[in-house]
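Visitor: I would like a close look at one part of this model, the pairing of its charged side chains. Please set it in the context of the whole chain.

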Amino acid sequence: MTQAKSDHQVDAIEELLDIMARLRSPDGGCPWDLEQDFASIAPYTLEEAYEVSEAIQRNDPDEIRDELGDLLFQVVFHAQMAKEKGWFGFGDVVRAINQKLIRRHPHVFGDEEVTDSAAQTEAWEAHKAKERVAKGEESPSALDNVPLALPALVRGQKLQRRAARLGFDWNETSDVIGKLDEELAELKHALLAEEPASRLQEELGDLLFTCVNLARFLEADAEALMRDANRKFETRFRAVEALAAQRQRDLRDCSLDELERFWQTAKRQLG
């Protein structure tokens with residue numbers, strides 16, 4: 001990177017920090033920005049992270065750039081509020097992540113060696129555990145410190161990975177399929193026995209959790225799979241709506257057989 005490019009990037013970051021400070025200024029700042037705190041901004045931070053993910057899935061460079069900017073603004077917003085409280089500033093955030101990345105990659109910035117990405121993942125978790133011990137945060141359980149705020153599918157997969165590292169896992173994918181069949185059978189039994197709603201929900205939750213485990217065994221991201229399934233359903237259902245409109249039919253007046261025909265037509269059209 002040339003010095004000119006480096007200076008340009010620094011100037012752009014400084015401009016963003018100045019914009020944020022002005023937005024939060026009691027003297028002429030934005031009323032909405034001034035009213036916010038960490039709790040009120042947190043949902044927007046999560047939303048922007050998801051929008052980055054969606055832009056990546058669409059493989060749109062301009063959109064990815066813009067969404068990353070929105071996410072960066074969230075970091076700057078939190079850092080500005082922290083600075084106002086005298087806790088830390090944006091520079092402290094950057095220095096902290098710089099130090100953490102160097103500390104957790106001794107195979108790049110030190111003398112350690114790793115053989116592949118799987119070994120690096122294990123080393124990463126080991127470094128994190130050492131850091132918690134150094135902070136006096138040694139956890140009595142391998143499942144500690146998995147954030148509750150994570151989406152349920154993401155958190156479920158992380159919990160399963162933690163347990164698997166200690167050997168609490170199946171040996172083969174077929175074992176997971178067997179567990180899936182078992183959980184489905186238990187749900188069917190509860191339905192036939194007309195169990196209370198709470199019991200049905202518990203059995204359904206067990207089935208979903210096992211599906212997440214199967215995704216992990218297939219080395220797939222359960223959250224991404226669910227997003228893809230949502231997108232597929234949305235696309236097909238919109239096609240069903242279009243087919244009904246072409247025939248001047250209201251979906252609410254269609255029979256199940258007619259809806260099924262629309263659905264199968266949409267699947268054939270969309271591939």
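How many salt bridges does a search of the whole structure find?

Guide: The search finds 14 salt bridges in the whole structure. The model is a predicted one, and the values below are computed from it.

Three of these pairs can be followed residue by residue, starting with Asp169 and Arg216. These two form a salt bridge whose closest N and O atoms are 2.7 Å apart. Asp169 sits in the loop between helix H8 (152–165) and helix H9 (173–192), while Arg216 belongs to helix H10 (residues 197–217), so this pair ties together parts that are 47 residues apart in sequence. The two partners can also be described by their accessibility. Asp169 counts as partly exposed because its relative accessibility is 31%. Arg216 has a relative accessibility of 13% and therefore counts as buried.

Helix H10 also holds a pair of its own. Arg199 forms a salt bridge with Glu203, and their closest N and O atoms are 2.8 Å apart. Because they are four residues apart in helix H10, about one helical turn separates Arg199 from Glu203. The accessibility of Arg199 is 33%, so Arg199 is classed as partly exposed. Glu203, at 3% relative accessibility, is classed as buried.

Glu234 and Arg238 form a salt bridge, with 2.8 Å between the closest N and O atoms. Both residues lie in helix H11 (residues 222–246), four residues apart, which is about one turn of the helix. Glu234 has a relative accessible area of 41% and is partly exposed. Arg238 has a relative accessibility of 52%, so Arg238 counts as exposed.

Next, the charges of the chain as a whole. There are 35 positive and 54 negative side chains in the protein chain. The centres of these two sets lie 1 Å apart.

Arg104 is in the loop between helix H5 (90–103) and helix H6 (106–109). With a relative accessibility of 9%, Arg104 counts as buried. Leaving aside residues up to four places away in sequence, Arg104 touches Gln120, Trp124, His127, Lys128 and Glu131. Asp18 is part of helix H1 (residues 3–23), and at 51% relative accessibility Asp18 counts as exposed. From Asp18 to Gln80 the C-alpha to C-alpha distance is 9.9 Å, although the two are 62 residues apart in sequence.

Most residues other than glycine have a negative phi. Glu219, in the loop between H10 and H11, has a positive phi near 60 degrees. The relative accessible area of Glu219 is 76%, so Glu219 is exposed. Asn59 also has a positive phi, near 55 degrees. Asn59 lies in the loop between helix H3 (38–58) and helix H4 (61–84), and its relative accessibility of 62% makes it exposed.

The protein chain has twelve helices and zero strands. Its radius of gyration is 25 Å, well over the 18 Å that the globule rule gives for 271 residues, so the chain is more spread out than a compact globule. Along the principal axes, the C-alpha trace spans about 65 × 55 × 40 Å. Buried residues account for 25% of the 271 residues. The chain exposes about 18800 Å², and carbon and sulfur atoms supply 55% of that area. Of the contacts between residues at least 6 apart in sequence, 52% join residues at least 24 apart.

Definitions and conventions:
Residues are numbered from 1 along each chain as its sequence is written. This is a predicted model: local features need pLDDT of at least 70, side-chain atom pairs count only at pLDDT 80 or more; totals for chains, interfaces and linings use all residues. Side-chain values use heavy atoms; hydrogens and water are left out. Helices (H or I, at least four residues) and strands (E, at least two) are DSSP runs, numbered from the N terminus. The radius of gyration is taken over C-alpha atoms; the globule rule is 2.2 Å times the number of residues to the power 0.38. Buried means under 20% relative accessible area, exposed over 50%, partly exposed in between (1.4 Å probe, protein chains only). Contact means heavy atoms within 4.5 Å. Accessible areas come from the Shrake-Rupley method with a 1.4 Å probe; for residues, only the protein chains shown count as cover. Lys and Arg count as positive and Asp and Glu as negative; His and the chain ends are not counted. The place of a charge is taken as NZ of Lys, CZ of Arg, CG of Asp or CD of Glu. A salt bridge is a side-chain nitrogen of Lys or Arg within 4 Å of a carboxyl oxygen of Asp or Glu.
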